[in-house]
Amino acid sequence: MTLAGTLLAPWLPFLSLLLAVAVQEVALPYEAWSVWRPDLLLVALFYWRLYRPDRCGPGSAFSAGLTVDVLSGGPLGMNALSKTLITLLIRRFGRRLRATDAIFLLPILALLSMLDQFIQLGLSTLLQGWGVRWPLLFGRIAATALIAPLIVALLIHIHRIWLGETPRAGR
Amino acid sequence: MLPLWSFIRLHRQRLTAATFLLLAVFLLFVLRADSPGMQTFKGSVANLMGGVQRLLLSPVEATRAANQRLQELGRLDEENRRLKRQVSNLGPMRLQLDETLKENRRLRQILRMPVEPSYTYTVARVVGDSSSAFSRVLLVNAGAEEKVRPDTPAVSPAGVVGRVVAVGTRRSTVLTLQDINSRVPVQVQRSRLRAVVAGRNDQTLDLRFVVKGGDIHVGDLLITSGTGGVFPRGIGVARVTALNLNVDGLFIQAKARSLVDLDRLEELRLMLPVVETVPLRERDEATITDSTDLRPLGLMPEASPSP
């Protein structure tokens with residue numbers, strides 16, 4: 001691996017989180033398509049927290065979530081809080097999840113996405129009153145679960161090429 | 001080793017997580033999001049992420065631009081001929097508008113009313129859409145370099161889109177009318193009845209503070225009232241879609257629908273006030289130049305039918 005690669009490799013998980021935010025916040029040609037806007041950040045966070053927890057901690061989740069908050073114009077800290085809580089959950093059940101067959105991780109990811117959306121719904125209601133678009137909320141959960149295999153395959157590719165297995169991954 | 005240090009080492013993960021959770025709670029419930037420091041921070045993030053998005057979308061943008069250019073070239077010749085005919089027809093109308101503007105300024109001076117500030121426009125492309133179940137915000141490719149500031153009104157030919165809430169060097173975020181945090185003072189164009197349009201995070205808008213017995217009907221056009229100091233007077237905002245008169249209290253419940261179709265919004269115009277307004281002297285004349293865009297003020301039709 002080149003020197004640049006060696007220096008860059010440790011930052012790849014965090015950079016991929018930022019890239020996921022940039023892609024998921026891109027303008028879609030039709031606003032109606034927003035119903036199918038997946039939460040790519042959650043997928044990337046799920047993968048890295050599960051398989052490289054040493055490179056993706058609460059700090060990464062907080063920073064990426066805060067970036068989403070700034071870009072979305074919502075209450076500052078809403079995504080940061082929900083994503084940090086999600087990383088704690090993944091850490092809590094990490095060992096069991098890593099032992100689970102990949103196909104069963106999809107419903108778990110959908111469940112996490114739902115939890116993430118409902119945490120945000122709670123905070124949003126608390127801070128700015130009731131106002132939620134249910135199709136967008138449930139559409140995001142479905143889209144996240146559906147696109148997850150593709151994103152995870154990409155992340156596995158990055159993981160294998162740039163980052164080795166970590167001895168701390170099984171902790 | 002000190003007991004505190006060993007405690008920190010032992011619970012490093014938990015302590016880090018707790019710190020970030022507390023920080024998030026602090027941001028949510030304590031920090032003022034509109035402080036100058038936060039505005040700078042938001043502008044920087046919008047710049048950084050806008051740059052990444054631009055890089056990601058560059059192949060898509062290039063293909064789309066080439067395709068559009070090819071289509072436009074085919075139509076340009078015909079449009080050019082049509083526009084020349086229109087310009088010759090608009091001559092008398094322009095003269096009339098010019099006269100009306102001069103008269104308006106003279107009368108305002110006589111009445112000692114402040115002359116409304118004039119605006120220039122900068123066109124911006126929508127490069128990011130952060131629509132979620134809880135917000136409706138757009139990222140556009142114009143920022144401080146184009147003299148965009150917080151609270152700059154964003155309009156489309158159809159009407160008000162929203163206002164700028166965060167400004168980066170080359171990027172800004174626009175809070176749309178539909179966002180739950182959006183409030184725009186309006187008045188009914190027909191009866192001049194005042195109200196406030198509030199977003200609900202969906203397609204419909206709430207019309208608040210409409211007094212019982214006020215002269216308002218379904219289908220009425222709502223325009224900006226000019227109060228609040230953000231939007232200039234007379235720009236189209238929404239149409240009244242529903243009224244519920246049978247409610248308790250001083251006000252009725254009303255719903256409206258935005259004139260702008262956000263579904264198809266690709267470009268918008270940011271209204272930049274011309275700050276250095278020279279007071280009109282006796283011999284001065286108000287003039288309409290070719291660059292003066294009167295459409296958002298409702299003084300000119302969008303497009304005249306071709307002869």
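Visitor: How much area is buried between chain A and chain B?
Guide: About 4100 Å², and carbon and sulfur atoms give 68% of that. Buried area here is the accessible area (1.4 Å probe) that two parts lose on being put together, summed over both. Keep in mind this is a predicted model: local features need pLDDT of at least 70, side-chain atom pairs count only at pLDDT 80 or more, and totals for chains, interfaces and linings use all residues. Residues are numbered from 1 along each chain as written, chains are lettered from A in the order written, and side-chain values use heavy atoms, without hydrogens and water.

Visitor: How many residues are in contact?
Guide: 54 residues of chain A touch 43 of chain B, with contact meaning heavy atoms within 4.5 Å.

Visitor: Which residues make the salt bridge?
Guide: A:Arg37 and B:Asp129, with the closest N and O atoms 3.8 Å apart.

Visitor: Switching topic, what's the barrel in chain B?
Guide: A closed one of six strands, running S1-S2-S5-S4-S3-S12 with antiparallel pairing. Strands are DSSP runs of E, at least two residues, numbered from the N terminus, and two of them pair if DSSP finds at least two bridges between them.

Visitor: And how do S2 and S5 pair?
Guide: In chain B, S2 (residues 137–140) and S5 (residues 172–176) are antiparallel over four bridges. B:Leu138 stands opposite B:Val174 there.

Notes:
A salt bridge is a side-chain nitrogen of Lys or Arg within 4 Å of a carboxyl oxygen of Asp or Glu.
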